[in-house]
Amino acid sequence: MGIIIDVYKGLISGSGIAGFTDIRQVVMLVLACVLLYLGIAKKFEPLLLVGIAFGMLLTNLPGSQMYHPELWSGMEMDFARVLGEGGLLDLLYIGVKLGLYPALIFLGVGAMTDFGPMIANPSSLFMGAAAQGGIFAAFALAVVLGFPGNVAASIGIIGGADGPTAIWLTKILAPDYLGPIAIAAYSYMALIPMIQPPLMRLLTTEKERSVKMDQLRSVSKTEKIVFPVMVTIAVILLLPSVAPLLGCLMLGNLWKECGVAGRLADTAQNALMNIVTIFLGVSVGATAVYDRFLSVDTVKIILLGLLAFGFATACGLLFGKLMCAVTHGKVNPLIGSAGVSAVPMAARVSQLEGQKANPSNFLLMHAMGPNVAGVIGSAVAAGCLLQIFGA
């Protein structure tokens, strides 16, 4: 009888159940399930949020030994130790630490992006740039709240509405905050259809929202081929730190537009994008370990992320209003809100709000100009912050 009892005691003590020593572990498991619900049932950025949530689930289950935060506590990565002592998620996280996954995501984004609307209307580039004001507003607020400059920069980049860029910058400047920043970035990207419309109606008049815009000119194939090459040269000469993201974005776009690399463009935007998304989501979610994630700083980051999105939308709309005034009513200011780089969701929101004011309004292609400009703008903003705080 004593042997049987000892066997049961051994099974219990060796199980994960015995590893529940902190209520925060349970809280994280519940939070992971909530995020899974939002991703699956509500379709909030499901391709990444489901993976992130499941990574959170795995890393907070006692005894799983799949991710070891102590291996990543220093700024320098010890490959030998990670390979010898790390679990599955530690190995996958190497791609995040090296900046490989965000760059490959940008390669796929470039292969899916049409820069034609921005080339046809170069002024949309300025609206995309204006929307990046949310990044610097959130950065300033984070500094006021006591965050160090490097962490504040990583929080601010949430306002760019670009998850891969947020991950890329944070893994360099503030890796301990990667979990909450990534979750905030992707959660608010999914909530753009809820966050932006109230601000659109608040900051624009019915007359402005009903403005119909002229049809965009057609863009030649030559222009579309030259554009990624020229942008790569010009931007990287000015800001070398942004080369990994911008270079991959423009290479993917060049494959799409050149007409001789269709197979590569197809692979980048489909198979490669899907594989990298799997690895990126699960490994980023693994960083949300209970004793680091559940803190006052996380609450501040979530709130600052919301403010960053709000400021970015407001900055884009206000610049759109300026363009409307300068052009004597030829630009609908709603397209300025698409300057946040959530492609193409933000552009669709501009289209929907424009049609509510004027059913004959078709703003989607006009809004895609600032929208894809925002992708470039968020990468450039990240490069600026990295150049300042990455030394």
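1. Confidence. The chain has a mean pLDDT of 89, and 94% of its residues reach 70 or more. Among the elements of the chain, the lowest mean value, 57, belongs to helix H1 (residues 2-13), while helix H16 (residues 243-258) has the highest, 96. Where pLDDT is low, predicted coordinates should not be read in detail.

2. Helix H12. This helix covers residues 178-190. H12 is mostly covered, with 13 of its 13 residues buried. The helix also contributes two or more residues to the lining of the largest pocket and likewise to that of the largest cavity.

3. The largest pocket. Its volume is about 810 Å³. Of the 32 residues that line this pocket, Glu45, Val109, Met112, Met273 and Val343 are the closest to its centre. Two or more lining residues come from each of helix H3 (46-60), helix H6 (100-112), helix H11 (163-173), H12, helix H17 (262-286), helix H20 (345-357) and helix H21 (364-389). H17 supplies the largest share of the lining, five residues. By class, the pocket lining consists of 22 nonpolar, six polar and four charged residues.

4. Rolling a probe the size of a water molecule over the atoms shows where empty space is left. The count comes to one cavity of 30 Å³ or more, and the largest cavity has a volume of about 100 Å³. The residues that line it are Tyr67, Pro69, Trp72, Tyr93, Lys97, Pro175, Asp176, Leu178, Gly179, Thr287 and Arg292. Helix H5 (88-97) and H12 are the elements that give two or more residues to this lining. Its composition by class is six nonpolar, two polar and three charged residues.

5. Cysteines. The structure holds zero disulfides. Cys315 is in no disulfide, and the nearest cysteine sulfur, that of Cys384, is 16 Å away. With a relative accessible area of 27%, Cys315 is partly exposed, because this value falls between the 20% and 50% limits. For Cys324, the closest cysteine sulfur is that of Cys315, at 18 Å, which is too far for a bond, since a disulfide requires the two sulfur atoms to be within 2.5 Å. Cys324 has a relative accessible area of 9% and is therefore buried, the limit being under 20%.

6. Positive phi at Gln65. Although Gln65 is not a glycine, its phi is positive, at about 55 degrees. The residue sits in the loop between H3 and helix H4 (79-85). Its relative accessibility is 53%, so Gln65 counts as exposed, the limit being over 50%.

7. Positive phi at His328. This residue, also other than glycine, has a positive phi near 60 degrees. His328 lies in the loop between helix H19 (296-326) and H20. At 74% relative accessibility, His328 counts as exposed.

Note on methods: Residues are numbered from 1 along each chain as its sequence is written. This is a predicted model: local features need pLDDT of at least 70, side-chain atom pairs count only at pLDDT 80 or more; totals for chains, interfaces and linings use all residues. Side-chain values use heavy atoms; hydrogens and water are left out. Helices (H or I, at least four residues) and strands (E, at least two) are DSSP runs, numbered from the N terminus. The expected span of a helix is 1.5 Å times one less than its number of residues. Buried means under 20% relative accessible area, exposed over 50%, partly exposed in between (1.4 Å probe, protein chains only). On a 1 Å grid over the protein atoms alone, a cavity is a set of points where a 1.4 Å probe fits but cannot get out, and a pocket is an open set with protein on both sides within 12 Å along at least five of seven lines; lining residues have an atom within 4 Å of a point. Grid points are joined across faces, edges and corners, and a volume is the space filled by probe spheres set on the points. Ala, Val, Leu, Ile, Met, Phe, Trp, Tyr, Cys and Pro count as nonpolar, Asp, Glu, Lys and Arg as charged, and the others, Gly among them, as polar. pLDDT is the predictor's confidence in each residue, from 0 to 100.
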